[in-house]
Amino acid sequence: MKIITSINEMQQLSLSLKREGKRVAFVPTMGFLHEGHTSLLREGRRRGDILVLSIFVNPIQFGANEDLDRYPRNLDGDCTIARECGVDLVFTPTAGEMYPPGFQTSIRVRELALPLCGASRPGHFDGVATVVTKLFNIVQPDVALFGNKDFQQLAVIRRMIADLALPVEIIGLPIVREADGLAMSSRNAYLSPDERRSALCLSRAIHIVRERYAAGERRANVLRDEALKLIAAEPAATIDYLELRDAATLEPATDASDTTLMALAVKIGTTRLIDNTLMCDER
Ligand code: AMP
């Protein structure tokens, strides 16, 4: 496994591998790898001749008062996990390499990036779309893998790929959860033991809504109220948003159907966690 920090070296290597007819699979991450990431890497290993992992805590997708400076990092640990998953190349540039002085270009996806995380984190998806485009230009992947954990992010990326005719196949994979239901996230490392217990209110809210949906409830406001009530009962939790929306357009839903998304962002203490489900998700 080779570790690369230079854009030029990564790009030249990818281009020459592709000239040899190799299929490049790519998993972009911010590191501090967990089983959500390794599920993407294992699927990438199956889909490509060459598997590239990027580890880059992307400053332009963080707001001014967010956790950029304390975002967890562990490059050595990540490299051990990457080796176990059969990664060939780890691309881990510095912020200065990706955004040298004078950098001033941005990719913006409009409507899909406005609600939910786009509303609570202004500019976030511009940062995501811009870095993903740049990483794609550097890594030149045939296929790239993302998690449904960041459902809106995946929707924004799919839209961008279609709108800009980028020649990359996008694969979305299911949310990987801890045994008790908590969606895996690098940010779970911030949680104290008490907060870790409180954080279960997110997956419990999903669970109760799915149960009510399976039992025939279709009124989105009733389903939403069930989830809100459950989270309101958790003193450590502050709701950022909790909404039912159409999974394709992210427009608000009034009547739930199998393709309705429930997405939520909840602060547990100072840690902001996100989770989501489709009404038709297998559990
Ligand atoms: P991150 O390092 O948090 O930026 O995530 C990198 C990729 O891993 C993104 O495509 C995420 O959606 C995906 N991911 C993160 N957590 C999970 C999870 N629990 N299950 C599935 N995919 C995940």
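1. A cavity here is a set of points, on a 1 Å grid over the protein atoms alone, where a 1.4 Å probe fits but cannot get out. Grid points are joined across faces, edges and corners, and a volume is the space filled by probe spheres set on the points. On that basis there is one cavity of 30 Å³ or more.

2. Before going further: this is a predicted model, where local features need pLDDT of at least 70, side-chain atom pairs count only at pLDDT 80 or more, and totals for chains, interfaces and linings use all residues. Residues are numbered from 1 along each chain as its sequence is written, and side-chain values use heavy atoms, without hydrogens or water.

3. The largest cavity holds about 60 Å³. Its lining (residues with an atom within 4 Å of a point) includes Lys149, Ser185, Asn188 and Asp275. Strand 9 (271-278) and helix 9 (200-214) each contribute at least two lining residues, and strand 9 has the largest share, with three.

4. Which backbone atoms meet the ligand in polar contacts (N or O pairs within 3.5 Å)? Met30 has a polar backbone atom 2.9 Å from a ligand oxygen, and Gly147 has one 2.9 Å from a ligand oxygen too. For Val176, a backbone N or O atom sits 2.8 Å from a ligand nitrogen.

Technical notes
On a 1 Å grid over the protein atoms alone, a cavity is a set of points where a 1.4 Å probe fits but cannot get out, and a pocket is an open set with protein on both sides within 12 Å along at least five of seven lines; lining residues have an atom within 4 Å of a point. Helices (H or I, at least four residues) and strands (E, at least two) are DSSP runs, numbered from the N terminus. A polar contact is a pair of N or O atoms within 3.5 Å; within protein, one must be able to donate a hydrogen and the other to accept it, and residues adjacent in sequence count only if both atoms are side-chain atoms.
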